[in-house]
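Hi,

Here is the structure I promised to pass on. Have a look at it first, and then read on for what turned up.

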Amino acid sequence: IILIPGHGPTDFVAGEEYIELRNFFNESGFAVCFWDKAGCGQSEGTYNHNQTLESSAEEAIAALSKVKALNTPGSDQIGLWGISRAGWICPLIIEKDPSVAFWISVSGTDQFENSRYMLKANLKAENRSESEISVLMKEWDHYQKILVRGGQSLEEFLSAIPNLMKDPYFNPDNFQFTEEIFKAVQNAYQN
């Protein structure tokens, strides 16, 4: 598993950054690849807080290539673990190297970025049918559109997403919108 960090400086070795996660992966039988960004920890160079997404992706692709070249056991099944800014970087890595076997996306760059991808991937992992996934994703798109842009009453909103609100993966606690919560969520999204 190659760790793709979010924004900000890193100190993986001396600072033991992500040590619990790294230990968990190691104890689960995975090798973990990580490095400090330029100018951080024990890495040479100068840290650039505004490093481009493409440059970050190229670093990870170089790491992926190095692991493959070392012929490390399991190097034929390399995956990515990414957090925050990595929600933009991991798709660039996968686009350039489709041999990436999996991507564990902890969070996107904000609450909107990769939640759709994560929902669909998890529904597939639960062996949902393509038709069920299609219905739920259509309702998810409507859910996001109305929460972000408004334009419907609570009743219209709920009548357009009945399957999503009943789905045990999406709504395991059977959460119910009230008018007050609906308006507060829309206000938070829109402001």
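Before the helix pairs, one term: a helix axis here is a line fitted to the C-alpha atoms over the stretch in contact, and the angle between two axes runs from 0 to 180 degrees between their N-to-C directions. With that in hand, take α5 and helix α8 (residues 179-190), whose axes are 7 Å apart and pack at an angle of about 75°. Angles of 65 to 115 degrees count as roughly perpendicular, so α5 and α8 are roughly perpendicular to each other. On the α5 side you'll find Gln144, Ile146, Leu147, Val148 and Arg149, and they meet Phe182, Val185, Gln186, Tyr189 and Gln190 in α8. Sorted by class, that contact has six nonpolar, three polar and one charged residues.

Now a step back to the whole thing. Keep in mind that this is a predicted model. The mean pLDDT of the protein is 89, with 96% of its residues at 70 or more. Where is confidence lowest, and where is it highest? Helix α4 (residues 115-125) has the lowest, with a mean of 84, while helix α7 (residues 162-166) has the highest, at 96.

The protein has eight helices and three strands, and along the sequence they come in the pattern β-α-α-β-α-β-α-α-α-α-α. Its C-alpha trace spans about 55 × 35 × 30 Å along the principal axes. Of the 191 residues, 35% count as buried. If you look at contacts with a separation of 6 or more, 58% of them are accounted for by residues 24 or more positions apart.

The axes of α4 and helix α5 (residues 130-149) come within 10 Å and cross at roughly 160°. That makes α4 roughly antiparallel to α5, and the crossing is right-handed. From α4 the contact uses Ser115, Arg116, Leu119, Lys120, Leu123 and Lys124, and from α5 it uses Glu130, Ile133, Leu136, Met137, Trp140 and Asp141. By class, the contact of α4 with α5 has six nonpolar, one polar and five charged residues.

Most residues other than glycine have a negative phi. Which way do Tyr18 and Asn71 go, positive or negative? Tyr18 has a positive phi of about 60° without being a glycine, and Asn71, also not a glycine, has a positive phi near 55°. Tyr18 sits in the loop between β1 (2-4) and α1 (19-27), whereas Asn71 is in the loop between α2 (53-69) and β2 (79-82). Tyr18 counts as partly exposed because its relative accessibility is 26%, and Asn71 counts as exposed because its relative accessible area is 61%.

Which residues does Asp11 touch, leaving aside its neighbours within four places in sequence? They are Glu16, Glu17, Asp36 and Gly41. The C-alpha atoms of Asp11 and Ser43 are separated by 9.2 Å, with the two residues 32 apart along the chain.

That's what I have; over to you.

Cheers

Note on methods. Residues are numbered from 1 along each chain as its sequence is written. This is a predicted model: local features need pLDDT of at least 70, side-chain atom pairs count only at pLDDT 80 or more; totals for chains, interfaces and linings use all residues. Side-chain values use heavy atoms; hydrogens and water are left out. Helices (H or I, at least four residues) and strands (E, at least two) are DSSP runs, numbered from the N terminus. Buried means under 20% relative accessible area, exposed over 50%, partly exposed in between (1.4 Å probe, protein chains only). pLDDT is the predictor's confidence in each residue, from 0 to 100. Angles under 35 degrees count as roughly parallel, over 145 as roughly antiparallel, 65 to 115 as roughly perpendicular and the rest as oblique. A crossing is left-handed if the near helix is turned anticlockwise from the far one by less than a right angle, and right-handed if clockwise. Contact means heavy atoms within 4.5 Å. Ala, Val, Leu, Ile, Met, Phe, Trp, Tyr, Cys and Pro count as nonpolar, Asp, Glu, Lys and Arg as charged, and the others, Gly among them, as polar.
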